[in-house]
Every structure is written in C-alpha cells, then in structure tokens.
Amino acid sequence: MLAAMAPQRTALVTGATSGIGLEVARELVNRGYRVIGSGRNPERLADDERLPGVEYVALDLADRDSIHACTTAIGDVDIVVHNAGESQSGPVEELPDEAVDRLFQTNVFGPVQLTQRLLPHMRGQGYGRVVTVGSMLASFPLAHRGSYCA
C-alpha cells in the first residue's frame, strides 16, 4: 500500500525581496514549499529580481491595515519567517518619537500582530512554525543604535 503524500506546506517569508529573506525564500522553494514572499513594494521588483516559485505580496509591518490586508489576501500558512525589519541610527535623545514608534511597530509589534492572525490556522491543524530572525546587536550593541537594540 502506498503511503499518503504529505501536504505541501505554505511558508510566508517577510522581507523576502533582498538579503536573508530572499535566501530563506530561495531555500524553501528548493525544498518544495509553496512560498509567499512579502515586501513593502513587491510590484517594483524587476522580473530578474523575482525568485521563480515565489508568490509576492505587499506587506508593511509598520501599517496595521497592511498586516490585515496581507493575511486576508494570502489565507492560511503553515510557517512564517519573520525577517523584515528596519534599523535606526542616532543618539536616543535625538530620535523623533515617530521614528521610534515606526521602528517598534515594524520590528516588534508588527510581527506579533501578524503572528496573531496566522496562529489560529496553525493551532487548528496541529502544525505550525514561527521563526524570527534577530540581530546580533542585541548581544553586541553599537553606539547610536540604542533604539534598534532595544
């Protein structure tokens, strides 16, 4: 008797238009996953910047409406790789409140809000993975990176 084929898993990779996110998306495609890659403006990607096998969707973690629109558009996913993020440089006392708010919404609150919308499906099916890419600056801080390290 033949064993049942495992269902193809769907992975969402945030910040998949460059750097680590791009390479994570590439590896997941190579391993047979359905991959949805997000970026703030994926429509601006040239054809040669798009990975074959990756479906691109707009997502700006600094914008709660964008998080809602993204999760509504993509539906259920089995894996989310939180890779998108922003950095910030400058003396903490000189950083505008709006800039610090955006940094925390993008790097902390946005991934939590995205995960909250994706978890019910994962829990319901008894399978899910949430992977968060972090920064070594938390362990080895640099001057003028206080808000980012926080």
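Some ground rules. This is a predicted model, in which local features need pLDDT of at least 70 and side-chain atom pairs count only at pLDDT 80 or more, while totals for chains, interfaces and linings use all residues. Residues are numbered from 1 along each chain as its sequence is written, and side-chain values use heavy atoms, with hydrogens and water left out.

Now the overall layout. The protein has four helices and five strands. Helices (H or I, at least four residues) and strands (E, at least two) are DSSP runs, numbered from the N terminus. The order along the sequence is β-α-β-β-α-β-α-β-α. The C-alpha trace spans about 65 × 35 × 30 Å along its principal axes. Of the 150 residues, 35% count as buried. Buried means under 20% relative accessible area, exposed over 50%, partly exposed in between (1.4 Å probe, protein chains only). Contact means heavy atoms within 4.5 Å. Among contacts with a separation of 6 or more, 60% come from residues 24 or more positions apart.

Back to T14. Where does T14 lie? In the loop between strand 1 (10-13) and helix 1 (19-30). T14 has a relative accessible area of 0%, so it is buried. Leave aside its neighbours within four places in sequence, and T14 is in contact with G21, S38, L59, V81, H82, N83, A84 and L114.

Take N83 from that list. N83 sits in the loop between strand 4 (79-82) and helix 3 (97-125). Its relative accessibility is 16%, so N83 counts as buried. With neighbours within four places again set aside, N83 is in contact with T14, G15, I20, G21 and V133.

Next, the strands. Strand 1 and strand 2 run parallel, joined by four bridges. Two strands pair if DSSP finds at least two bridges between them. A11 stands opposite V35 in strand 2. The chain gets from strand 1 to strand 2 through helix 1, and this β-α-β crossover is right-handed. That is, with the strands pointing away from the viewer, the path from the first strand over the helix to the second runs clockwise.

Strand 2 (residues 34-39) is mostly covered, with five of its six residues buried. Five bridges join strand 2 to strand 3 (residues 54-58), and these two also run parallel. Here S38 stands opposite V57. S38 is also among the contacts of T14.

Last, helix 1. It has 12 residues and reaches 17 Å from first C-alpha to last, close to the 16 Å expected at 1.5 Å a residue. The expected span is 1.5 Å times one less than the number of residues. Which residues of helix 1 are buried? G21, L22, A25 and L28. They cover an arc of only 130° around the axis, so they lie on the same side of helix 1. The arc is that of the directions from the helix axis to the C-beta atoms. The buried residues of helix 1 pack against strand 1, strand 2 and strand 3. The face turned away from the buried side carries the exposed residues I20 and N30. Just after helix 1, G32 takes a positive phi of about 95°.
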